[in-house]
Amino acid sequence: MLKIYNTLHRKKEIFKPINPKKINIYICGVTPYDFCHIGHGRTFIIFDMIIRYFKHIGYEVNYIRNITDIDDKIINQAILNKKTIFTLTNDMIKAMNKDFKLLNLILPNFEPKVTECITEIINFIKKLIKKNHAYIAKNGDVMFNIKTYKNYGCLSHQKINYLKLNTRINVSSKVNCEDFVLWKYDASNQTFNFKSPWGYGRPGWHIECSAMSYKYFGKKFDIHGGGSDLIFPHHENEIAQSVCAYDSESYPNYWIHSGMVMLNSVKMSKSLGNVFILKNILKKYDSETIRYFALSSHYRKPINCTLKSFDQAESALRHLYKALNNTHEIEDNTNYTKEYDISFCNAMNNDFNTPKAYSILFKIAQKINFYKKNRKDKIVNLLATKLRKLGNILGLLNNDSSYFLNKKTPTISTIELDQINELIIIRNNARKEKNWILADKIRERLKKMDILIEDTLKGSFFKKKHK
Ligand SMILES: [Zn+2]
């Protein structure tokens with residue numbers, strides 16, 4: 001029985017899906033104005049782990065992750081870099097996709113962009129105005145009147161009077177100083193503003209997720225997730241908008257929030273330098289090392305990140321791969337390893353307790369090492385098969401063990417690694433399309449770089465040729 005901590009009720013609750021077989025999950029995505037950092041990496045690895053686990057326990061998952069491709073931060077960054085908004089967001093989305101592919105994140109079923117959902121957003125705002133939940137302020141912005149929603153504050157558990165106020169907007173133009181923008185009036189520049197019944201402008205940040213989740217899921221769905229920094233005001237405002245527009249009792253049934261990444265105990269932010277930009281970490285560390293690190297503390301807890309933490313994650317993973325080395329996957333018709341399935345699922349069913357799940361992987365590794373010494377090959381292979389299977393549920397142990405253990409010696413430069421990964425992705429696509437000529441050509445090209453490709457059922461692995 002899966003229990004999930006629901007931020008809305010501040011307690012663990014038994015998960016009951018709306019539809020017994022298929023669940024709808026909406027996760028707030030990225031605002032592509034710069035490269036993704038380890039904070040994004042951890043958030044999306046966490047939700048990837050959660051989705052993988054739902055799939056493992058038999059659910060079909062309908063997963064939406066949006067892209068906020070119009071926003072003040074984007075506009076400012078584009079002006080600063082003398083780029084158009086489109087070029088900037090396009091470049092950053094491409095970079096994000098590259099990072100996420102390397103991180104082996106499951107693709108969302110739909111990935112709507114704000115600029116492609118303007119009609120839905122306008123219709124949503126129209127509905128709120130019609131129901132007297134929104135009004136046009138003196139400065140032309142369309143505002144949500146929070147006093148019209150009696151449960152405002154239900155998610156962040158704050159009373160209106162005590163709310164941390166966002167005072168960026170001129171208070172005199174609002175009915176209540178806590179009211180927030182649904183449509184930002186701006187007739188100054190039509191290249192990044194859109195036509196609406198309220199003049200040129202662009203959507204406020206919160207309205208997009210209400211409009212997009214409604215577009216794909218309707219007024220009620222199973223799970224909404226995001227980083228814990230989104231609880232207030234973003235998610236609080238989403239609830240107000242969605243419940244008021246559609247007279248819905250609730251919005252999603254469960255709210256899941258992931259803990260923040262701290263850098264040397266300071267909250268992750270852009271100003272802390274580019275060392276923790278994902279694409280740079282991915283040049284130095286294997287993507288499984290980053291995943292291992294991201295899931296090494298419970299998903300709701302903040303995690304402290306230093307360069308040393310990746311070294312520790314790598315050495316923990318190496319320990320597991322060492323246990324897998326020189327073993328074979330075999331069919332398991334016995335009940336010999338069943339106890340590990342049970343304890344692994346117990347850990348995961350308890351609000352996705354990955355540190356506990358890791359401890360079970362280490363227990364198996366310890367047993368493997370013990371039986372290796374005693375040369376009990378069949379037991380070793382049974383345990384190794386189980387270890388890999390359970391690791392795979394978390395998106396780990398997908399590599400060939402000799403690749404993982406040997407990849408540091410001989411060394412592959414980061415530039416080479418970039419090229420190799422790119423070529424392997426192209427080759428995998430060629431193989432999928434049965435374009436054997438192209439696949440062979442790439443294999444030959446990699447061979448010239450002293451890279452040997454091994455194709456297995458789990459995908460292609462590469463090794464540096466020993467000279
Ligand atoms: Zn959102």
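This is a predicted model: local features need pLDDT of at least 70, side-chain atom pairs count only at pLDDT 80 or more; totals for chains, interfaces and linings use all residues.
User: Which class of accessibility does Lys-101 fall into?

Analyst: A residue is called buried under 20% relative accessible area, exposed over 50%, and partly exposed in between (1.4 Å probe, protein chains only). The relative accessibility of Lys-101 is 49%, so this residue counts as partly exposed.

User: How far apart in space are Lys-101 and Ile-425, C-alpha to C-alpha?

Analyst: Along the sequence, Lys-101 and Ile-425 are separated by 324 residues. In space, however, the distance between their C-alpha atoms is 9.4 Å.

User: Which residues coordinate the zinc ion?

Analyst: Donors are N, O and S atoms within 2.8 Å of the metal (3.2 Å for Na, K and Ca), and sites may look incomplete because water is not among the atoms. Here the donor atoms, two SG and one NE2, lie at 2.0 to 2.1 Å, and in sequence the donor residues are spaced C-x180-C-x24-H. The residues that coordinate the zinc ion are Cys-28, Cys-209 and His-234.

User: How many residues apart are Cys-28 and Cys-209?

Analyst: Cys-28 belongs to strand E3 (residues 22-30), whereas Cys-209 belongs to helix H5 (residues 205-217). Both cysteines are buried. The pair links distant parts of the chain, with a separation of 181 residues.

User: Is His-235 buried or exposed?

Analyst: His-235 has its place in helix H6 (residues 231-246). Contact means heavy atoms within 4.5 Å, and, not counting residues up to four places away in sequence, His-235 touches several residues, among them Cys-28, His-224, Trp-255 and His-257. Its relative accessible area is 0%, so His-235 is buried.

User: Which two residues does a cis peptide bond join?

Analyst: Most peptide bonds are trans. In this model there is a cis bond with omega of about 0 degrees, and it joins Phe-232 and Pro-233.

User: Where is Asp-247, whose phi is a positive value, found in the chain?

Analyst: Most residues other than glycine have a negative phi. For Asp-247, by contrast, phi is near 45 degrees. Its relative accessibility is 60%, so Asp-247 counts as exposed, and the residue is found in the loop between H6 and strand E10 (252-258).

User: What is the relative accessible area of Asn-326?

Analyst: Asn-326 also has a positive phi, near 60 degrees, and is found in the loop between H9 and helix H10 (338-349). This residue is exposed, with a relative accessible area of 71%.

User: How are helices H8 and H9 oriented to each other?

Analyst: Axes are lines fitted to C-alpha atoms, for helices over the stretch in contact, and angles run from 0 to 180 degrees between N-to-C directions. Angles under 35 degrees count as roughly parallel, over 145 as roughly antiparallel, 65 to 115 as roughly perpendicular and the rest as oblique. H8 (residues 287-294) and H9 (residues 307-324) pack with their axes 8 Å apart, at an angle of about 105 degrees. The two helices are therefore roughly perpendicular.

User: What percentage of residues 343-405 is helix?

Analyst: UniProt, in an unreviewed entry, annotates this span as "domain: Cysteinyl-tRNA synthetase class Ia DALR"; its positions are given in the numbering used here, feature names are shortened, and annotations may be inferred rather than shown by experiment. The end C-alpha atoms of the span are 28 Å apart.

Conventions. Residues are numbered from 1 along each chain as its sequence is written. Side-chain values use heavy atoms; hydrogens and water are left out. Helices (H or I, at least four residues) and strands (E, at least two) are DSSP runs, numbered from the N terminus.
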